[in-house]
Amino acid sequence: WGSIRGLWQWAAAIILGSSVLFMVGYPLARPLLGSLVKDELHGILVWGMLLVPLLGLTGIISSAIRGFHKVAIAQVGEQVIMPILFLLAAAIGAYAMQIEMTPLLTIWYQVGAALAAVAFGLAVLWRVSAVEVFRSQAVYQKMQWFKSTLSLASINGMQIIQKWLSLIIVS
């Protein structure tokens, strides 16, 4: 159980650490980008960067739930809750409140839906996890995990880019 807890903590730390690097690095790189990125897109990119850790955490949580043989419920947060909440927010905003859909507002809706998916996933993980996972001392096997992560991360990264490319292009 210690290895499982260690792996969860290590993966979350990698995702959050790399996200912080992006969030700190982007404002530092902004002057170098100059006219490559339009001024109105900078705010969208900053909010969009919040999706990186949220989607990464959703993936970790989903994988952990699948590890406890709860495959169907593991997909609910990312495949059901996130799209439904996004569509509900967009529909309520556009039709009921007559709010014009802008790229920034779209990102806000997506971040909110991703937060809800993470919260749902954490609640499910808490219920399905063995009590021993949370009671055990975390055991880290960083080099083994890092070696196996490189290839998986590149594949997963390309899948995430492909999945969200339409939203990026629209923005």
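Is Met97 buried or exposed? I began with this residue. Met97 is exposed, with a relative accessible area of 54%. The cut-off for exposed is over 50%, so Met97 counts as such. I note here that the model is a predicted one.

**Entry: the chain as a whole**

I looked up the overall make-up next. The chain has 8 helices and 0 strands. Read from the N terminus, the order of elements is α-α-α-α-α-α-α-α. I took the extent from the C-alpha atoms, which fill a box of roughly 50 × 40 × 25 Å along the principal axes. The chain has 171 residues, and 32% of them count as buried.

Met97 sits in the loop between α5 (76-96) and α6 (103-128). Gln98 is found in the loop between α5 and α6 as well. I checked the backbone of Gln98 and found a positive phi of about 55°, although the residue is not a glycine. Most residues other than glycine have a negative phi. Gln98 is exposed, with a relative accessible area of 64%.

His69 lies in the loop between α3 and α4. His69 is exposed, and its relative accessible area is 71%.

Which residues of α5 are buried? I listed Gly77, Ile81, Met82, Phe86, Ala90 and Gly93. An α-helix has 3.6 residues a turn, so residues three or four places apart point the same way. I then looked at the surface. A nonpolar patch of about 590 Å² is made there by Val80, Ile84, Leu85, Leu88, Ile92, Met97 and Ile99. Met97, the exposed residue of my opening entry, is thus one I met again as a member of this patch.

**Entry: the cavity**

I turned to empty space inside the model. Rolling a probe the size of a water molecule over the atoms shows where empty space is left. How many cavities of 30 Å³ or more are there? I found 1 cavity of 30 Å³ or more. About 70 Å³ of space lies in the largest cavity. I wrote down its lining as Thr58, Ile61, Ser62, Ile65, Ile73, Ala74, Gly77, Glu78, Ala117, Val118, Phe120 and Gly121. The elements that give two or more residues to this lining are α3, α4 (71-74), α5 and α6. By class, the lining of the largest cavity has 7 nonpolar, 4 polar and 1 charged residues. Gly77, which I had listed among the buried residues of α5, is one of the lining residues of this cavity.

**Entry: the second largest pocket**

The lining is made by Trp8, Ala12, Leu57, Ile60, Ile61, Ala64, Val118, Leu122, Leu125, Trp126 and Phe134. Two or more residues of the lining come from each of α1 (2-33), α3 (51-67) and α6.

Definitions and conventions. Residues numbered from 1 in each chain as written. Predicted model: local features only at pLDDT ≥ 70, side-chain atom pairs only at ≥ 80, totals over all residues. Heavy atoms only, no water. Patch = residues over 30% accessible without salt bridge, like charges linked within 9 Å, V, L, I, M, F, W, Y side chains within 5 Å. Areas by Shrake-Rupley, 256 points an atom, 1.4 Å probe, with all protein chains shown as cover. Salt bridge = Lys/Arg side-chain N within 4 Å of Asp/Glu carboxyl O. Helix = DSSP H or I, 4+ residues; strand = E, 2+ residues; numbered from the N terminus. Buried < 20%, exposed > 50% of the residue type's maximum accessible area, 1.4 Å probe, protein only. 1 Å grid on protein atoms, 1.4 Å probe; cavity = no way out; pocket = protein on both sides within 12 Å on 5 of 7 lines; lining within 4 Å. Points joined across faces, edges and corners; volume = space filled by probe spheres on them. Nonpolar A, V, L, I, M, F, W, Y, C, P; charged D, E, K, R; others polar.
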